[in-house]
Amino acid sequence: MSGEGVQNKRELHAGKENPCFYVKLKRRFFQLTQDYSFQTDVKGLPCEYKQIALDEDGMLHIKAGYRWNGPTGSPAYKEMIRGSLVHDALYVLFSSKGPLHKNRPQVKRYADKMLFDVFIIDGVSRWLANMTFYGARDGSWLFEN
């Protein structure tokens with residue numbers, strides 16, 4: 001990592017369980033500083049796209065250096081970073097033309113629900129988790145092809 005665009009070079013971590021390590025970049029962007037893995041319930045659909053891979057058993061692997069925009073439409077509280085990372089990575093995978101694309105509606109519903117669940121685990125208020133969940137669920141059509 002060159003440090004270009006890094007606001008705070010101090011490595012941060014998010015998540016009470018299985019934390020991810022990242023740096024905050026300019027303009028609400030974040031970048032992983034270590035590889036990160038997260039167990040999903042999306043099994044039997046292995047796929048890979050750039051820095052993201054989902055294996056046969058549903059383990060999501062995201063490589064260090066991956067950049068994402070945090071929780072869209074919500075404040076970027078530390079408790080929201082891990083959920084937004086995993087949610088974003090799943091959206092990238094089902095938006096690519098791999099096996100998840102064929103199961104897009106089901107995977108999208110799962111990713112949106114998982115966003116809410118990880119927020120709650122990491123200490124986000126139920127109200128804010130709900131607002132972000134509905135924004136992701138109902139607003140993502142704006143970004144579809």
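Helix 1 and helix 3 (residues 104-121) pack at an angle of about 170°, and their axes lie 8 Å apart. Here axes are lines fitted to C-alpha atoms, for helices over the stretch in contact, with angles running from 0 to 180 degrees between N-to-C directions. The two helices are therefore roughly antiparallel to each other (angles over 145 degrees count as roughly antiparallel, under 35 as roughly parallel, 65 to 115 as roughly perpendicular and the rest as oblique). On the helix 1 side, the contact (heavy atoms within 4.5 Å) is made by R82, G83, S84, V86, H87, L90, Y91, F94 and S95. Helix 3 brings in R104, V107, K108, Y110, A111, D112, M114, L115, V118, F119 and I121. Sorted by class, that contact has 12 nonpolar, 4 polar and 4 charged residues. The classes go like this: Ala, Val, Leu, Ile, Met, Phe, Trp, Tyr, Cys and Pro are nonpolar, Asp, Glu, Lys and Arg are charged, and the others, Gly among them, are polar.

A word on ground rules: this is a predicted model, where local features need pLDDT of at least 70 and side-chain atom pairs count only at pLDDT 80 or more, while totals for chains, interfaces and linings use all residues. Residues are numbered from 1 along each chain as its sequence is written, and side-chain values use heavy atoms, with hydrogens and water left out.

Helix 1 (residues 81-95) has 15 residues and reaches 21 Å from its first C-alpha to its last, close to the expected 21 Å (the expected span is 1.5 Å times one less than the number of residues). Of its 15 residues, 13 are buried, so helix 1 is largely enclosed by the rest of the structure. Helix 3, with 18 residues, should span 26 Å, and its end C-alpha atoms are 25 Å apart, which agrees. Among the buried residues of helix 3 are R104, K108 and D112, along with F116.

Zooming out, the chain has 4 helices and 8 strands (DSSP runs numbered from the N terminus, helices being H or I with at least four residues and strands E with at least two). From the N terminus on, the order is β-β-β-β-β-β-β-β-α-α-α-α. Of the 145 residues, 43% count as buried. Residues 24 or more positions apart account for 52% of the contacts with a separation of 6 or more.

Some individual residues span the accessibility range (buried is under 20% relative accessible area, exposed over 50%, partly exposed in between, with a 1.4 Å probe and protein chains only):

| Residue | Relative accessible area | Class |
|---|---|---|
| C20 | 0% | buried |
| C47 | 11% | buried |
| P19 | 30% | partly exposed |
| K63 | 46% | partly exposed |
| K50 | 67% | exposed |

As for disulfides (cysteine sulfur pairs within 2.5 Å), the structure holds 0.

The loops have a few things to check too. K50 sits between strand 5 (47-49) and strand 6 (52-54), and K50 has a positive phi of about 50° despite not being a glycine. Most residues other than glycine have a negative phi. K63 lies in the loop between strand 7 (59-62) and strand 8 (67-68). Leaving aside neighbours within four places in sequence, K63 touches L32, D35 and Q51. K63 and L32 are 31 residues apart in sequence but 7.5 Å apart in space, C-alpha to C-alpha. P19, in the loop between strand 1 (6-14) and strand 2 (20-25), is 18 residues from S37 in sequence and 9.6 Å from S37 in space, C-alpha to C-alpha.
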